[in-house]
Amino acid sequence: MRYMIQLSYLGTNYHGWQKQLDKISVQSQVNHALNTALQETIDVVGAGRTDTGVHASGYIAHFDSEQHIIDYEKLIFKLNSILPPDIAVHAFSKVDADFHARFDAISRTYEYSIVQYKDPFSLGKSYFVKNELDINAMQKASNLLFNHKNFKSFSKVKTDVYTFDCEIKKADWHLNGHHLLFEISANRFLRNMVRAIVGTLVEVGLHKISVEEFNQIILAQDRSRAGKSVPAHALVLKNIEYPQGYSDKLTNGKE
């Protein structure tokens, strides 16, 4: 049986999602909880990597089990009792045997949070930029992302990918109280891509580079031309979408 699982986590204490030798990852913690709860060897497959320190509020993974799980509510309660406080399971669904959490995803949505004043309650969740940002200029630059496919300028150097092409579906800045939030959706993201885009857009907002220069940075396909990557702690993977209504099948109750 193959199952889809939805979870959230604070990435502060983890070296990203993917399990690594001698490092604590979210995947290794979820594997341990599933192994303990189901009393069988489980290797959960995630929708993709998140960098060290990055959070997720709507992460999706799948796993195979010999068991026909009926009482999802009971299993969720058991898993959350085993998992550390900064990882939580929210929902389950039985899915087709060929479903794949990573390869079947059609879009992913990230949110980056910036604060413009010193706020102790934003520590670990938002990036503090003390100088005033020109939000209109940042949005104009963000709109240019829709005109491009190749985002090599925002990719981690020496990354092993078959293409640098991505399809941007959303790139919006908006204010939520004192927080300046950037929401970006795409069919796929390169390693470090969101943080590099935000870092370069911050330079636009500070008038260090112009909107046209931002466009030229994308065309250059050269990471050294773009701005620095902003810190990971203010980035959240919010949502992952799938075809055929897979996400709608998720439930925290009984089948």
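Reader: What share of the residues of the protein chain count as buried?
Author: Of the 255 residues, 50% count as buried. Buried means under 20% relative accessible area, exposed means over 50%, and partly exposed is in between (1.4 Å probe, protein chains only). Keep in mind that this is a predicted model, where local features need pLDDT of at least 70, side-chain atom pairs count only at pLDDT 80 or more, and totals for chains, interfaces and linings use all residues. Residues are numbered from 1 along each chain as its sequence is written, and side-chain values use heavy atoms, with hydrogens and water left out.

Reader: ok, how many helices and strands are there?
Author: The protein chain has 5 helices and 9 strands. These are DSSP runs numbered from the N terminus: helices are H or I with at least four residues, strands are E with at least two.

Reader: And in what order do the elements run?
Author: From the N terminus on, the order is β-α-β-β-α-β-β-β-α-β-β-α-α-β. The radius of gyration is 19 Å, close to the 18 Å that the globule rule gives for 255 residues, so the chain is as compact as a globular protein of that length. That radius is taken over C-alpha atoms, and the rule is 2.2 Å times the number of residues to the power 0.38.

Reader: New topic. How many salt bridges does the structure hold?
Author: There are 6. A salt bridge is a side-chain nitrogen of Lys or Arg within 4 Å of a carboxyl oxygen of Asp or Glu.

Reader: Which residue does Arg2 meet in a salt bridge?
Author: Asp64, at 2.7 Å from N to O. Arg2 lies in strand β1 (residues 2–9) and Asp64 in strand β3 (residues 55–64), so the pair ties together parts that are 62 residues apart in sequence.

Reader: Is Arg2 buried or exposed?
Author: Arg2 is buried, with a relative accessible area of 17%. Asp64 is partly exposed at 41%.

Reader: What about Asp51 and Arg195, how far is it from N to O?
Author: Their side chains meet in a salt bridge at 3.4 Å. Asp51 is in the loop between β2 and β3 and Arg195 in helix α4 (residues 193–205), so this pair joins parts 144 residues apart in sequence.

Reader: Which residues do shared partners join into one network?
Author: Glu111, Lys170, Glu183 and Lys238 are joined by salt bridges that share partners.
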